Amino acid sequence: MAHAKEEQTLIIMKPDALQRNLLGEIIHRFERKGLKIVGLKMMQLADVLVDEHYAHHKEKPFFAGLKKFMKASPVVVVVLSGINAIGATRLIVGPTRGYEADAGSIRGDFALSGQSNIVHASDSLEAAAEEIKRFFTRDELFDYKRNDFDFVHSDELGEE
Ligand code: CMP
């Protein structure tokens, strides 16, 4: 297995997460896993930010609907940090379409739709770096030690 690395990833709790009172439930799942919240804020997405974030979907037939949905109410954006944070977060979130997601994942438990799928999560190191920069300034990100770090990351401390 490749050596596990500390990574950062971006999640967006979408308007359906906020409207359905799921913010606490979602944050709780990432906290329980051991992922560290290093940035968190609520924002109303502007056209320009949605266009940039979903530029790769611009030509898709669902783009207009996706844009309207993402602007329907504020969203909450979060940066998570931890060992293999990108992959670990995507497992917790589940695949894009709620109706295909396993029970136990966020989308598996709370979504039936392809569009209203509760959470966005970065899908690669490159995307995470770009997305974090898109939504957060440097002084909105915090570096601190979580007191359970040594226990959550014990396999990184030379313990077989
Ligand atoms: P996300 O993981 O944020 O990445 C792109 C988003 O586009 C996706 O979640 C959904 O919200 C939306 N999306 C993807 N496929 C469809 C689809 N077939 N119809 C509507 N929206 C979609």
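Where is the place of valine 38? I found valine 38 in strand S2, residues 36-43. Strands are DSSP runs of E with at least two residues, helices are runs of H or I with at least four, and both are numbered from the N terminus.

**Entry: ground rules**

I noted that this is a predicted model, where local features need pLDDT of at least 70, side-chain atom pairs count only at pLDDT 80 or more, and totals for chains, interfaces and linings use all residues. Residues are numbered from 1 along each chain as its sequence is written, and side-chain values use heavy atoms, with hydrogens and water left out.

**Entry: valine 38, continued**

I looked up the cover next. Valine 38 counts as buried because its relative accessibility is 3%. Buried means under 20% relative accessible area, exposed means over 50%, and partly exposed lies in between (1.4 Å probe, protein chains only). I then checked valine 38 against glutamate 7. They are 31 residues apart in sequence, and their C-alpha atoms are 11 Å apart in space.

**Entry: the ligand**

Which residues are around the ligand? I listed Lys14, Tyr54, His57, Phe62, Leu66, Thr96, Arg107, Gly114, Gln115, Asn117 and His120. A residue is near a molecule if one of its heavy atoms lies within 4 Å of it. I sorted this shell into 3 nonpolar, 6 polar and 2 charged residues. Here Ala, Val, Leu, Ile, Met, Phe, Trp, Tyr, Cys and Pro count as nonpolar, Asp, Glu, Lys and Arg as charged, and the others, Gly among them, as polar.

I went on to the polar contacts, which are pairs of N or O atoms within 3.5 Å; within protein, one must be able to donate a hydrogen and the other to accept it, and residues adjacent in sequence count only if both atoms are side-chain atoms. Tyrosine 54 has a polar side-chain atom 2.5 Å from a ligand oxygen. Asparagine 117 also uses a polar side-chain atom, at 3.0 Å from an oxygen atom of the ligand. Glutamine 115 uses a backbone N or O atom, 2.8 Å from a ligand oxygen. The protein covers 79% of the 460 Å² of accessible area that the ligand has on its own. These areas come from the Shrake-Rupley method with a 1.4 Å probe.

**Entry: isoleucine 118 and valine 119**

I found isoleucine 118 in the loop between helix H6 (106-110) and S4. Its phi is near 75 degrees, a positive value in a residue other than glycine. Isoleucine 118 counts as buried because its relative accessibility is 0%.

Valine 119 is in strand S4, residues 119-121. Valine 119 has 0% relative accessibility, so it counts as buried.

**Entry: asparagine 84**

Is asparagine 84 buried or partly exposed? I read 33% relative accessibility for asparagine 84, so it counts as partly exposed. Asparagine 84 sits in the loop between strand S3 (75-83) and helix H5 (85-93). Its phi is near 50 degrees, a positive value in a residue other than glycine.

**Entry: two helix residues**

I found isoleucine 26 in helix H2, residues 23-33. Isoleucine 26 is buried because its relative accessibility is 0%. Methionine 13 is 13 residues from isoleucine 26 along the chain, and their C-alpha atoms are separated by 8.2 Å.

Arginine 134 is in helix H7, residues 125-135. At 18% relative accessibility, arginine 134 counts as buried. I checked arginine 134 against glutamate 100, 34 residues apart along the chain, and their C-alpha atoms are separated by 29 Å.
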